[in-house]
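Biologist: I'd like to learn how to read a model like this one, feature by feature. Could you walk me through it?

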Amino acid sequence: MHMADALISPAVGGTMWAVTAGLIGYCSKKVKNEMDDQKIPLMGVLGAFIFASQMINFTIPITGSSGHLGGGMILAILLGPHIAFLTMASVLTVQALFFADGGLLALGCNIFNLGFFPCFIAYPLIYKTFVKDADTNYMRSNSIDFKKTERKILAGSIIGAIVALQMGAFAVVIETLFSGISELPFTTFLMLMQPIHLAIGVVEGLTTAAVVLFIWKARPEILSSASSSSPIGRTPIFKVVVGLAAAALITGGALSWFASSNPDGLEWAMFKTAGVEELESPDGIHTSLSAIQEKTAFLPDYGFKSGESNELSESSAESVKVELGTSVSGVVGGILTLIFAVAIGFALRQKKSN
Amino acid sequence: MSHHIVQADNLHYTYPDGTVGLNKINFKIHHGESVALVGSNGAGKSTLLLHLIGSLAPTDGDIRIGDFPLNKKNLKLVRRSVGMVFQDPDDQLFMPTVFDDVAFGPINLGIPEKEVEQRVMDSLETVGVPHLIRRSPHKLSGGEKRAVAIATVLATTPDILIMDEPSSNLDPSSRRRLINLLKTFTHTKIIATHDLDMALEVCSRTIILDRGQIVADGLTKELFIDENLLKTSGLEKPLTMQRCPVCSNYSKI
Amino acid sequence: MSNLQNNLFDIFYIDTLACRQSWIHSLDPRAKVLTTLIFVGIVVSFDKYEIAMLIPFFIYPAVAIALADLPFVYLAKKMLLLLPFAFFIGIFNPLMDNKTLITFDLKDIVDLMEFIGFKENIGKMGTIDISGGWVSFLSIMIRFCLTVGAALILISTTGFDAVCLALQRFGVPRPFIVQLMFLYRYMFVLIDEASRMVRARSLRTFDNSNQMRFGIFISMVGQLLLRTMDRAQRIHLAMCCRGFEGDIQMLRAINFGVPETLFTAGWTSLFVILRLYNIPVKLGMMIENLLLS
């Protein structure tokens, strides 16, 4: 299930963006250093495969509904966690851009919910404990080992998929809760999400296991090469988790600092924006300081009371007694700071190329 | 003219499962020659082509391309002089736009930016589709895709062109354009095909493969007259060399 | 299945839109990506009960659609198709949040109507209470339209590869950009392949139910996966034949010049102003004063 822009607050969205960006950066680095270049087109077309396989549906007996192959688990099994995460992220990005599934701000949440758990939790900690590298290398002639491996793959995929989806669903609930846009009470939402995703997890686990077994029987070498190429030990996972926690804390902290009642946040940000105008203007640095003052004076003293009046008139009918407080300043400040940073980058690059 | 020769010496290839792919293949193709590689399905055409671009390594025997024996060490060098047009243009056109795709090879060769753009334009003009430069490959027709695929290879200025079924899946007029285009190329050409009429027009020489072996190697016109040879190799006389059913019926009446 | 095929048509169509010529289309993709992100960020930054202040933000999609000559009906339809999800979550708000947030005094409305010209007696006086839940529900719906609309406008004025290019210039790691490009390129090819497989099967299914058993499903998906992996190998070979050594580079000149700066800075300032000043309420008060004075 996808999070949507409409349901999340910028603090949650921004935090998850930062976390996801960190993960993408980490995986890209990993991939660049360790991957053989044959995997570049492979991960590309496997991302496309995740889309395409949705064309093929099977009928779930009794229920009459239909199921198809899920994404994260099978990618992790075929490609290893890092490549799989990048691939999953690309699939969700395309979905967000073209099908508006979720949305741009929620993209961070979605990539995390649907990519992180299968690739970095379910695959290394569950699937891998069931299925060791050596297992998939067994020759098929040994029928006892073959049956054993078959069962291991089955158990690993199903339990892995269920765990990944349960965690993903839980993350959706938590993100929604922290955003505070939806009124859905925590427990109700949880009671709704977890059982639904248990069912989805079982279906995804079954399909994943069956496809993995199909591949293993047809071309055993694919599985053994996939799992061995990208080792994931305890340290990297630990590092990833610590890094993520740090990123989340820092971003969340920064965003809430902006959102806190500290008015300096906005003034500081506005000052910087004024600086941007100066940098970007063709006249260069000599634009007068008065422009900055004008800009800053243009804004009232941070008190944005949206509902100044609750009286009648059609267009003010919706006016709501909202305590906007200073959450504005944080976000606006944050965004303007971003522009500032990017603009400086552009200005510098422009200077460099001139 | 020892340049740009393609030579196979007692080439032998066995698949990992034990099937014999190529058996004692010997040939020498000279600079500027056009050679058709024909044979029934599974005769070993594609296997042979994969050897020529170094994707499969022979179990036994040697390949020489230009002045170099084809081995791991020379692979990159050899691939600069050999351009391969794959059967499925979708495999060959992997970049977001036609421009990026045609530019891919020249950029990898380390050619300066300005020159890359010139090369892209030149290649597209050669194959007659300069107007497609900004388009995405997935929006091209089959014929356009094929033309662009050829352009991507031409842009790397290879000496030797290797093509796998270039006329497959083309409508008659696209096929005609392709044949006319191929006739203008002065490269050494090796074309694997089932389209014997095209082979007749484009290639002066033909190598017939059957079950991994060369059963005939000679002038196209001469080989294609030999109905027995064609029949035993799973082939048939090119249509242009058969009698026209309409005209011959007409003459009977 | 038909759903995905429709999606594919959508992508094709959006691609075509992205190829159109307009001032917005010609802008450096970075300007559009940046503006869209700022827009979405500011829109979602409002309090959950905010409605009035969200409204002016429709100016952006409106102007963009107009300038880029995008088909409004198509975009609106696409948005409607996506609405159920936000609706599903949002609809709980009215159920859970019963606190009265706004109270309309009917007398005011009657006064106003009388002023405008309705002379009849409208009926009983009283108040209408609107709960916070309904307000926040409406707010969710508006946010949804704005954010989804902005994403659609971005992609249909910019095109996917240009968005990728912008992301790359913003520092998104190369492997991820390459991944996006490959995914996008082969999505068309593989969906086509998958739909051929599905069609071939359904043509040989002679009962009307058209249900697919699990076993058949798995062998089809498995086959598709194997073919996909073979294709990846052929693509890699094709890349190697053209000198690929692990790095993909693209030549693209994009230029963030004066129009881009104006576009981004102009919209951003407008968004910020709209974020800070409750223009609808001010406007409403102005009209009210005008009418009642």
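Biologist: Let's start with strands. In E4(B), which residue is the bridge partner of B:His12?

Modeller: First, the ground rules. This is a predicted model, where local features need pLDDT of at least 70 and side-chain atom pairs count only at pLDDT 80 or more, while totals for chains, interfaces and linings use all residues. Residues are numbered from 1 along each chain as its sequence is written, chains are lettered from A and ligands numbered from 1 in the order in which they are written, and side-chain values use heavy atoms, with hydrogens and water left out. Helices (H or I, at least four residues) and strands (E, at least two) are DSSP runs numbered from the N terminus, and two strands pair if DSSP finds at least two bridges between them. Here, B:Asp60 is the partner of B:His12. The pairing joins E1 (residues 6-14) and E4 (residues 60-65) of chain B, antiparallel, over five bridges.

Biologist: And what does E4(B) form with E5(B)?

Modeller: A hairpin, with two residues between the strands. B:Gly66 sits in that turn with a positive phi of about 65°. E5 covers residues 68-69 of chain B and runs antiparallel to E4(B), joined by two bridges; B:Arg64 is opposite B:Pro69 there. When you look at side chains, remember that in a regular strand they alternate between the two faces of the sheet.

Biologist: On to interfaces. How many residues of chain B are in contact with chain C?

Modeller: Contact means heavy atoms within 4.5 Å. By that rule, 32 residues of chain B touch 30 residues of chain C. Buried area is the accessible area (1.4 Å probe) that two parts lose on being put together, summed over both. For chains B and C that comes to about 2800 Å², with 61% from carbon and sulfur atoms. On the chain B side, B:Asp91, B:Phe94 and B:His138 lose the most area to chain C, together 24% of what that side buries.

Biologist: Which residue of chain C meets B:Asp91 in a salt bridge?

Modeller: A salt bridge is a side-chain nitrogen of Lys or Arg within 4 Å of a carboxyl oxygen of Asp or Glu. C:Arg231 meets B:Asp91 at 2.7 Å, N to O, and the count between chains B and C is six salt bridges. As for which elements of chain B touch chain C, those giving two or more residues are H2 (75-81), E6 (82-85), H3 (89-92), H4 (98-108) and H5 (113-126). H4(B) gives the most, seven residues.

Biologist: Now single residues. Is B:Ser168 buried or exposed?

Modeller: Buried means under 20% relative accessible area, exposed over 50%, and partly exposed in between (1.4 Å probe, protein chains only). B:Ser168 counts as buried because its relative accessibility is 16%. Look for B:Ser168 in the loop between E7 (160-164) and H7 (172-184) of chain B. A polar atom of its side chain lies 3.0 Å from the backbone oxygen of B:Glu165. Leaving out residues up to four places away in sequence, B:Ser168 touches B:Gln87 and B:Arg146.

Biologist: Why does B:Arg80 count as partly exposed?

Modeller: Because its relative accessibility is 47%. B:Arg80 is in helix H2 of chain B. With residues up to four places away in sequence set aside, B:Arg80 touches B:Leu109, B:Thr156, B:Thr157 and B:Pro158. The C-alpha atoms of B:Arg80 and B:Ile160 are separated by 9.5 Å, though the two are 80 residues apart along the chain.

Methods. Polar contact = N/O pair within 3.5 Å; in protein donor to acceptor, adjacent residues only side chain to side chain.
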